[in-house]
Amino acid sequence: MLPLQERVPLKNSLQKLSDVLVLSLLLSLLAYRLISLHRHAHIWLVAFTCESWFTFVWLLYMNATWIRVTYKTFPQHLSEIYHDLPAVDVFVTTADPTLEPPIITANTVLSLLAVEYPFHKLSCYVSDDAASPITFYSLFESAKFAKLWVPFCKKHNVRVRAPFVYFSTEPQPSHSPSSDYMREWRRIKDEYEELIRRIETANEGQILPRVADGSKDFLKTERRDHPSMVEVIWENKEGSEDGFPHLVYVAREKRPKHSHQYKAGAMNVLTRVSGVMTNAPFMLNVDCDMFANNPEVVLHGMCLLLGVDDEVFSGFVQAPQQFYGALKDDPFGNQLVVLSKKILPELQGLQGPFNAGTGCFHRRKVIYDSPPRHPSIKNRGNLSCEELEMIYGDSLEFVESAFQITSGCGKGLPGKLSSRVEAAKKVADCAYEFNTSWGREIGWVYGSITADILTGLRIHSMGWRSISMTPEPPAFLGCAPTGGPACLTQFKRWATGLLEILLSRRSPILAVMEEKLMLRQCLAYLLILVLPLRSVFELCYALLPAYCLLADSAFLPKASELGFLVPMALFLIYNVYTLTEYFQYGLSIRAWWNNQRMQRIYAQTSWLLGFFSALLKIMGFSETIFEVSRKDQPKPTDVTGADDPGRFTFDSSPVFVSGMAVMLINLTALVVGSMRVLWQAETGELGPGIGEFVCSAWVLLSFWPFVRGLVGRGSYGIPWSVICKAAVPVCFFLQMCRNA
């Protein structure tokens with residue numbers, strides 16, 4: 001039988017040798033510290049503690065990257081093996097029409113409606129957590145445009161089916177631009193530009209009368225206080241030549257006194273709504289900005305879900321997050337190129353990649369807590385109605401649909417969607433989950449704002465594995481945040497959620513002891529879950545050279561000592577190692593440096609604030625808030641040069657305070673240390689040596705955006721409120737150095 005996928009081991013002998021070399025240098029440094037600890041002050045003990053943590057993190061990294069595996073897919077074989085492909089329900093989530101403009105959501109939806117897959121086997125559900133009439137209107141108008149766009153894509157084999165990307169360039173010669181084609185191309189482009197105009201100029205007072213009965217619920221809607229709304233915007237009819245998949249709008253009920261569980265709650269509502277309306281055995285979820293960049297993306301996903309010898313090996317399929325219109329050289333260090341091309345293939349040597357929250361194919365039965373290979377363990381066929389309601393909720397329609405899936409006979413529901421709207425509204429009510437297993441045993445797991453990671457951890461803990469999908473061209477492309485506030489806010493949110501998982505009852509440490517999580521997969525999870533903790537050690541280590549320059553001491557061996565060769569070799573070899581990785585994937589030395597400095601900035605700003613935010617929540621002093629990152633389609637560069645999208649921007653957020661303090665401390669230390677060298681040049685050996693100066697200068701270079709912010713104007717300048725707040729810990733640190 002023709003294969004649908006092939007597992008391909010990748011050689012990485014040179015990487016393993018480099019990893020061992022770095023580890024040996026770290027261990028040598030720790031050994032030197034221990035031997036010399038009695039001859040030095042407490043500052044060496046602090047350095048030893050930080051370096052022990054870095055060694056631990058390096059061991060976690062080696063565990064995750066030791067075995068490299070990738071998968072090739074053969075979607076052309078699907079039609080020869082399966083004459084009737086399984087149904088797929090597609091979920092798109094959006095939460096704020098201001099930060100996530102409806103035109104972006106519309107493009108993502110249009111790209112998904114046009115993918116290469118039997119259209120009567122696809123259904124697209126859009127969750128609007130803002131219950132925005134503008135978002136609903138944009139989908140209503142997009143459905144009209146899809147009647148032209150989808151047939152056009154299929155007829156001319158359009159490769160990128162997000163209209164804003166396709167129409168950003170002129171037709172390529174490969175399209176055989178005949179006069180008929182060009183006439184049709186211009187007509188579709190004009191229609192798309194009209195769609196943009198209607199969406200971007202829409203206001204609620206004008207649009208509600210245009211969308212007929214679908215708008216009546218919005219008349220009594222407030223963003224945080226409204227009933228559930230489920231509207232079938234388009235229902236496909238099998239056999240129609242100009243058809244495209246179902247398109248359903250969902251706004252779950254919200255009430256001020258009910259917890260809505262952020263994105264995880266929205267995903268569980270989509271799971272239930274789709275369960276009573278179409279009940280496809282497979283689900284795909286994407287963020288509103290992640291358009292389908294590869295028209296065969298669903299076919300590739302099915303190859304990995306259906307092509308394995310045992311379904312346990314593909315509990316879910318994850319496509320890496322990649323970005324379009326990305327700024328040159330990744331100035332904000334958030335394009336994740338090395339992560340997607342290096343780390344994900346290496347995680348496949350374990351239980352598989354983590355759930356990234358977007359671009360992920362799920363088996364519906366896995367979301368319903370069905371374990372691999374042993375259906376009898378979770379056999380719920382003999383349970384009473386009351387017991388089933390305690391698990392799934394009190395919707396008879398949903399209980400029946402869930403039983404079909406968990407018993408292995410779910411192939412989707414036939415018939416009209418409109419007849420199931422009332423049942424769908426019921427399962428979208430905010431009180432539906434009370435006294436059920438939702439958010440615990442079934443569905444997306446609650447308890448962290450990074451619920452995607454937590455849900456993937458639960459799936460791995462059940463014994464399932466996952467697979468990374470890396471087709472060419474990439475499956476999905478999204479937009480990376482730009483500017484200081486958006487980037488730091490995103491990383492702070494991730495840090496908060498990761499620490500919530502690490503310190504919760506669903507920690508991978510407990511899962512490896514009590515459930516079926518592999519030990520090495522547990523260590524791989526720890527690699528990302530300890531990022532917030534790492535911020536504390538990174539901050540201490542970044543302040544060590546400044547402390548030594550100010551207090552006239554040293555935390556490194558003197559340049560004249562043999563022991564100095566160990567930290568010097570470690571510094572040089574590690575940087576050459578990481579630089580080689582960037583060259584390997586076609587990135588520049590500037591991209592490498594941008595990512596290195598941004599890792600230092602994120603660690604001592606976003607991760608640090610996320611660390612304290614999670615601690616305050618765990619101790620009951622505050623609640624975490626889900627902060628939506630701004631998403632914008634890339635615009636042409638301002639020809640005047642007045643706008644520099646790659647330059648760091650600031651606002652009055654507290655996330656900048658710690659970074660500002662670190663920069664000011666190291667700047668002060670370099671000035672004081674240099675003056676001390678001039679004053680004491682003839683008095684003999686000084687406390688700090690060249691190592692302390694180099695390290696402090698390296699930290700200052702890493703925080704150079706903050707140095708520029710001191711003299712910048714407008715959003716490029718650091719607000720005085722941030723500077724004044726940073727001055728407090730700076731003064732405290734200087735006083736501590738003076739008293740040392």
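What follows is a short tour, from overall build to surface to core.

Keep in mind that this is a predicted model. The protein has 27 helices and 12 strands. With a radius of gyration of 28 Å, close to the 27 Å that the globule rule gives for 740 residues, the protein is as compact as a globular protein of that length.

**Overall build**
- Along its principal axes, the C-alpha trace stretches over about 90 × 60 × 55 Å.
- Take the contacts with a separation of 6 or more: 83% of them come from residues 24 or more positions apart.

- Of the 740 residues in the protein, 58% are buried.
- The protein exposes about 31800 Å², and carbon and sulfur atoms supply 59% of that area.
- As for charge, there are 70 positive and 70 negative ones, and their mean positions sit 3 Å apart.

**The nonpolar cores**
- The largest nonpolar core is made of 92 residues.
- Which residues have the most contacts inside that core? They are Met660 and Phe706.
- Leaving out residues up to four places away in sequence, Phe706 touches Ile601, Thr605, Phe650, Phe656, Gly659, Met660, Met663 and Ile718.
- Another core, of 76 residues, lies apart from the largest one, and its members include Tyr71, Ile104, Val150 and Met469.

Conventions: Residues numbered from 1 in each chain as written. Predicted model: local features only at pLDDT ≥ 70, side-chain atom pairs only at ≥ 80, totals over all residues. Heavy atoms only, no water. Helix = DSSP H or I, 4+ residues; strand = E, 2+ residues; numbered from the N terminus. Rg over C-alpha atoms; globule rule 2.2 N^0.38 Å. Buried < 20%, exposed > 50% of the residue type's maximum accessible area, 1.4 Å probe, protein only. Contact = heavy atoms within 4.5 Å. Areas by Shrake-Rupley, 256 points an atom, 1.4 Å probe, with all protein chains shown as cover. Lys, Arg positive; Asp, Glu negative; His and termini not counted. Charge placed at Lys NZ, Arg CZ, Asp CG, Glu CD. Core = buried A, V, L, I, M, F, W, Y, C linked by side-chain atoms within 4.5 Å.
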